[in-house]
Amino acid sequence: EHAAKISAWDDQVLQSGEVMEREIETPFNDGHTQTTFLQKFPIVGADGEVIGIGSIATDITERKFAERELQKARDDLEVRVQERTKDLQNEVVERQHTQELLSTAIGGISEGIAIYDSEDRLVICNQKLKEIYPKIADVLVPGVTYESILKAAIERRQYVNATTGPEKFFEDRMQNHKNPDGRVIHTTPEG
């Protein structure tokens with residue numbers, strides 16, 4: 001059967017006068033398969049007529065094996081990426097649920113409250129805090145650093161008791177924020 005295919009390809013090249021390329025898998029009795037890249041091309045005489053067929057056969061068994069292994073690795077990676085993506089989506093849903101619970105819990109507190117993460121970015125604050133500091137309510141959003149919020153408050157004159165000057169007030173507030181040692185009271189223009 002194998003020889004018949006090659007003979008048919010020879011005839012095809014002779015009749016068409018065109019180059020033909022094929023990958024051929026040849027099974028052996030011991031169970032392994034050899035893959036060969038076969039190129040057949042017409043040999044043309046001086047008169048322009050096809051006088052023969054040239055063949056080049058290249059053993060590409062190892063390359064095909066490597067391609068299959070690479071595809072298998074890609075498929076495995078795709079499965080792992082899909083699994084991890086699903087895990088991350090579940091984590092996001094859980095975090096959103098936790099965020100909603102936290103938001104509901106601190107929303108009921110009658111005092112202003114803000115929670116910052118380990119990088120000093122605002123995680124959440126309640127509406128009461130925005131009412132206490134109306135000049136910077138638009139800045140009180142998750143992800144904004146305490147430093148940026150404080151700078152905005154000073155620039156917008158949110159604190160009326162910043163009598164030490166803006167730079168000193170900023171330094172004192174940052175120090176107190178990083179190392180709290182008691183209650184801090186600020187007077188706002190709203191009282």
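Reader: Which residue of β2 is the bridge partner of Arg22?
Author: Leu38 is the bridge partner of Arg22 in β2. This is a predicted model.

Reader: What makes β1 and β2 a pair?
Author: The count of bridges. Two strands pair if there are at least two bridges between them. β1 and β2, residues 33–44, are joined by eight bridges. So the two strands pair, as at least two bridges are needed. Their sense is antiparallel.

Reader: What is the strand order of the open sheet?
Author: The order is β1-β2-β3, with antiparallel pairing. Three strands form the sheet.

Reader: Why are β1 and β3 called edge strands?
Author: Each pairs on one side only. β1 covers 20–27 and β3 covers 50–59. Neighbouring strands of this sheet are turned by 30 degrees against each other on average, direction ignored.

Reader: Which strands does helix α1 lie across?
Author: Helix α1, residues 2–16, lies across β1, β2 and β3. Its angle to β1 is about 175 degrees.

Reader: Why is Arg173 called buried?
Author: Its relative accessible area is 13%. Buried means under 20%. The value of 13% falls under that cut-off, so Arg173 is buried. Arg173 is found in helix α5, residues 166–178.

Reader: What makes the link between Arg173 and Tyr146 a polar contact?
Author: The distance between their side chains is 2.9 Å. A polar contact needs a pair of N or O atoms within 3.5 Å, one able to donate a hydrogen and the other to accept it. The 2.9 Å pair of Arg173 and Tyr146 therefore counts as a polar contact.

Note on methods: Residues numbered from 1 in each chain as written. Predicted model: local features only at pLDDT ≥ 70, side-chain atom pairs only at ≥ 80, totals over all residues. Heavy atoms only, no water. Helix = DSSP H or I, 4+ residues; strand = E, 2+ residues; numbered from the N terminus. Buried < 20%, exposed > 50% of the residue type's maximum accessible area, 1.4 Å probe, protein only. Axes fitted to C-alpha atoms, helices over the stretch in contact; angles between N-to-C directions. Contact = heavy atoms within 4.5 Å.
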